[in-house]
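Visitor: I have a structure to look through and some quick questions. Can we start with how you decide that things touch?

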Amino acid sequence: MNWGSWDNFLRMGGYGFFVWGSYGMAMAILVIEVWQLKVRRRRAVTELQREAARRSA
Amino acid sequence: MNTAASPRIGLFWFASPQTFFPLAGKMVPLFSLLAAGLLLVGLYIAFLVAPTDATQGESYRIIFIHVPAAWMSMFLYLVMAFWAAVGLVFNTRLSSMMATAIAPTGALMTFLALWTGAFWGRPTWGAYWVWDARLTSELILLFLYLGFIALQAAIDDPRRADKAGAVLALVGVVNVPIIYFSVQWWNTLHQGASVSITRAPSMATTMLWGMLVMALAFWMYSIAVVLHRLRSIILERERRTEWVRELLREGRIK
């Protein structure tokens with residue numbers, strides 16, 4: 001598949017909005033989910049550290 | 001209490017959160033790497049190898065995420081219901097945690113399938129949404145995932161939440177074959193079997209390969225994120241056990 005130019009690639013034969021709207025949402029979901037995983041992990045570990053500190057106090 | 005770590009029951013060896021936690025920790029980077037590699041290859045095929053579709057133009061390129069997302073949405077539901085059932089029958093904590101870990105990813109895959117479907121439906125059918133059997137049953141799947149998540153979040157006792165969620169998940173399983181066969185059982189606007197692109201063989205092959213590689217990428221991604229989430233759930237639920245405290249003391253979780 002030869003697109004010729006970036007402009008053609010982004011235009012997607014007139015379907016740019018639909019194609020990039022789909023891939024954009026997929027990308028957004030990926031970023032949100034991975035970020036959410038980091039937040040949850042951070043929160044769990046922080047809770048563990050807090051409990052450990054409480055025990056040793 | 002910590003006898004679960006002894007390997008005397010074979011099959012149930014990894015059913016212990018304590019033994020599975022480090023194993024999952026090794027699997028997450030492996031599957032993330034596989035997902036990233038397959039995603040790159042899949043996108044390369046999707047945009048640089050696969051040719052323009054004769055009837056749909058470039059809009060068909062949505063297929064490379066729509067179909068994998070739709071497949072994963074159904075497959076993850078079955079896996080979730082399976083582990084929920086195992087947790088219900090054998091009372092294994094880890095199985096129930098696995099079901100809980102799968103639900104958010106399943107819900108996101110379902111949402112993505114619906115979203116990309118809408119963005120594909122508009123240029124091909126002229127409508128973002130129609131109350132068609134395939135679309136409606138997929139929407140019900142999203143509600144089942146959200147219902148499962150909400151139900152478990154509403155119950156304070158984790159073991160009771162596991163059981164209630166398992167019952168809901170199992171009742172909802174009936175929806176998966178309905179989604180899958182909806183295009184045969186009813187007159188739907190949605191096309192039939194996804195791989196039936198009757199065109200020149202070479203073209204169909206690159207499209208098919210692109211779709212399969214992307215499906216595999218979604219699969220590897222799902223395994224990686226579910227296992228990562230599972231590890232957090234284990235830490236949350238097992239925080240009062242000696243082995244978790246030990247890991248923390250040794251500085252192996254931070």
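Guide: Two residues are in contact if their C-beta atoms, placed from the backbone, lie within 7 Å. Keep in mind that this is a predicted model.

Visitor: Fine. Which residues meet between H3(B) and H5(B)?

Guide: From H3(B), B:Ser96, B:Ala99 and B:Thr100 meet B:Asp162, B:Gly165, B:Ala166 and B:Ala169 of H5(B). By class, the residues of that contact divide into 3 nonpolar, 3 polar and 1 charged.

Visitor: And at what angle do H3(B) and H5(B) pack?

Guide: The angle is about 60 degrees, and the axes of H3(B) and H5(B) are 10 Å apart. That makes H3(B) oblique to H5(B), because angles of 65 to 115 degrees would count as roughly perpendicular and those under 35 as roughly parallel.

Visitor: Is the crossing of H3(B) and H5(B) left-handed or right-handed?

Guide: The crossing of these two helices, H3(B) and H5(B), is left-handed.

Visitor: Back to B:Ala99. What does B:Ala99 touch, leaving out residues up to four places away in sequence?

Guide: With those left out, B:Ala99 touches B:Met80, B:Trp83, B:Ala84, B:Gly87, B:Gly165, B:Ala166 and B:Ala169. B:Ala99 also belongs to the largest nonpolar core, which has 75 residues. B:Met80, B:Ala99 and B:Met214 are the members that touch the most other members of that core.

Visitor: Which elements give two or more residues to this core?

Guide: Chain A has helix H2 (16-56) on that list, and chain B has H1, helix H2 (63-90), H3, helix H4 (133-154), helix H5 (158-172) and H7. H3(B) gives the most to this core, with 17 residues.

Visitor: How do H2(A) and H3(B) pack?

Guide: H2(A) and H3(B) pack at an angle of about 170 degrees, with their axes 9 Å apart. H2(A) is therefore roughly antiparallel to H3(B). By class, their contact has 10 nonpolar, 4 polar and 2 charged residues. Among the H2(A) residues in it are A:Phe18, A:Met25 and A:Glu33, and the H3(B) residues include B:Leu112, B:Trp115 and B:Arg122.

Visitor: Is A:Met12 buried or exposed?

Guide: A:Met12 is buried, with 21 other C-beta atoms within 10 Å.

Visitor: What about B:Asn91?

Guide: B:Asn91 has a positive phi of about 60 degrees, and B:Asn91 is not a glycine either. B:Asn91 is found in the loop between H2 and H3 of chain B. B:Asn91 is exposed, with 12 other C-beta atoms within 10 Å.

Visitor: Last one. Where does B:Trp186 lie?

Guide: B:Trp186 lies in the loop between helix H6 (175-185) and H7 of chain B. B:Trp186 is partly exposed, with 14 other C-beta atoms within 10 Å.

Notes. Residues numbered from 1 in each chain as written. Chains lettered and ligands numbered in written order. Predicted model: local features only at pLDDT ≥ 70, side-chain atom pairs only at ≥ 80, totals over all residues. Core = buried A, V, L, I, M, F, W, Y, C linked by C-beta atoms within 7 Å. Buried ≥ 20, exposed ≤ 12 C-beta atoms within 10 Å, placed from the backbone. Helix = DSSP H or I, 4+ residues; strand = E, 2+ residues; numbered from the N terminus. Axes fitted to C-alpha atoms, helices over the stretch in contact; angles between N-to-C directions. Parallel < 35°, antiparallel > 145°, perpendicular 65-115°, else oblique. Left-handed = near helix turned anticlockwise from the far one by under 90°. Nonpolar A, V, L, I, M, F, W, Y, C, P; charged D, E, K, R; others polar.
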